[in-house]
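Please look over the sequence and the structure before reading on.

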Amino acid sequence: MSASTNLVFPGEAGSMPALGFGTSPMTGGLSADTVAAALKAGYRHIDTARKYGTERAVGEAIRVSGVPRNDIFLTTKVSHENLRAGDFAKSVDESLAALGVDYVDLLLIHWPNPEIALSETMPALAKAKRRGLARHIGVANFNVALLEQAIKLCPEPLAALQAEYHPYLDQSKLLAAVREHKLVFIAYCPLGRGRLFGDPVLAEIAGQRGRSVAQIALRWLLQQNIAAIPFSSKPQRIADNFNVFDFILTDVEMKRIAALKRSDGRVANPAGRVPGGWD
Ligand SMILES: NC(=O)c1ccc[n+]([C@@H]2O[C@H](COP(=O)([O-])OP(=O)(O)OC[C@H]3O[C@@H](n4cnc5c(N)ncnc54)[C@H](OP(=O)(O)O)[C@@H]3O)[C@@H](O)[C@H]2O)c1
């Protein structure tokens, strides 16, 4: 299967660039120069969050780049501490102010919070959309049961779910639910936060194709019609990671990569944050 550069939202009007740039650096801060390198390399989908402390750098890079705001798909998130209606609205206002924009393209609940009812949070998320502050809305780090509750409780349709996904993590159940509900799946930690780079199967496929392991891992996601948001602090890698639209993995290669899933594959796992566990 080929992979398109743009993913159409199946449940509502609109689309998003399939390959985005993550902006949560693992150590230290994020400079606007790093985001500028991504925009220069061709990324038009940028993923940030109030929690990352990177919204200001993202906004600055967008302004300096000269790329029109409308050409960029910008995502931010409301942190799990701020899921009560009043806190939620305040967090969205703070995000827009830090980014220096009037709206985001996608607004996500960053993590569920077992202490705060979704019946309070989902209307607050829908309200941000109705106020024109977010073109699309969605959730991150929700399991299947929470996703289904969220959809039922939300007065506006959800467009996307963001969750960890890469060859070491089986996400077949969540992916099936996302497809059933006509959402786009956005894969975070698509490179397994660096864990994939020593993998012999990925290295073999990369070697045969004259590609990097990162390119193979990203292509594997894109060929499933999934969006991916890799991060790198290095301009050369940022550009290389974007160069994944000119080759196609065979069915045999896709299956070999899918077979790499393992029970300890998850890398982002704050204890107890997801009520009921991941599945
Ligand atoms: N919603 C959520 O809860 C959530 C959670 C986690 C992440 N995210 C989002 O997902 C984004 C990506 O996740 P992530 O940054 O944790 O993990 P990742 O993208 O899977 O991996 C990033 C790591 O891979 C390295 N890397 C990148 N390209 C490389 C290449 N071509 N060759 C070798 N090494 C390479 C980077 O190091 P260098 O910098 O040295 O290149 C960095 O250490 C985040 O930035 C954030 O926007 C969302």
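The model is predicted. Within it, Ile186 stands opposite Ala227 in β10. Strand β9, residues 184-188, is joined to β10 by two bridges, and the two strands run parallel.

Both strands belong to an open sheet of eight strands with parallel pairing. The order across the sheet is β3-β4-β5-β6-β7-β8-β9-β10. At its edges are β3 (21-22) and β10 (227-228), each of which pairs on one side only.

The protein chain as a whole has ten helices and ten strands. Its radius of gyration is 18 Å, close to the 19 Å that the globule rule gives for 279 residues, so the chain is as compact as a globular protein of that length. Taken along the principal axes, the C-alpha atoms fill a box of roughly 55 × 45 × 35 Å.

Next come the helix contacts. Two packed helices are described by the angle between their axes and the distance between the axes. The table gives these values for two pairs.

| Helix pair | Angle between axes | Distance between axes |
|---|---|---|
| α1 (residues 32-41) and α9 | about 35° | 9 Å |
| α3 (residues 85-99) and α4 (residues 118-130) | about 30° | 9 Å |

Helix α1 passes α9 in a right-handed crossing. On the α1 side the contact is made by Ala37, Ala38 and Ala41, which meet Pro235, Ile238, Ala239 and Phe242 in α9. By class, this contact of α1 with α9 has seven nonpolar residues, with no polar and no charged ones.

Helix α3 likewise passes α4 in a right-handed crossing. Here α3 contributes Ala85, Phe88, Ala89 and Val92, while α4 contributes Glu120, Thr121, Ala124 and Ala128. The residues of the contact of α3 with α4 divide into six nonpolar, one polar and one charged.

The last topic is the ligand. Which residues come nearest to the ligand? Of the 29 residues around the ligand, these are Gly22, Tyr188, Leu191, Phe231 and Ser232. Two of these positions fall in strands described above: β3 covers 21-22, and β9 covers residues 184-188. Helix α9 (residues 235-242) supplies the largest share of the shell around the ligand, three residues. Helix α9 is also the partner of α1 in the packing described above. By class, the shell around the ligand has twelve nonpolar, twelve polar and five charged residues.

Conventions. Residues are numbered from 1 along each chain as its sequence is written. This is a predicted model: local features need pLDDT of at least 70, side-chain atom pairs count only at pLDDT 80 or more; totals for chains, interfaces and linings use all residues. A residue is near a molecule or strand if its C-beta atom, placed from the backbone, lies within 6 Å of it. Helices (H or I, at least four residues) and strands (E, at least two) are DSSP runs, numbered from the N terminus. Ala, Val, Leu, Ile, Met, Phe, Trp, Tyr, Cys and Pro count as nonpolar, Asp, Glu, Lys and Arg as charged, and the others, Gly among them, as polar. Two strands pair if DSSP finds at least two bridges between them. Axes are lines fitted to C-alpha atoms, for helices over the stretch in contact, and angles run from 0 to 180 degrees between N-to-C directions. A crossing is left-handed if the near helix is turned anticlockwise from the far one by less than a right angle, and right-handed if clockwise. Two residues are in contact if their C-beta atoms, placed from the backbone, lie within 7 Å. The radius of gyration is taken over C-alpha atoms; the globule rule is 2.2 Å times the number of residues to the power 0.38.
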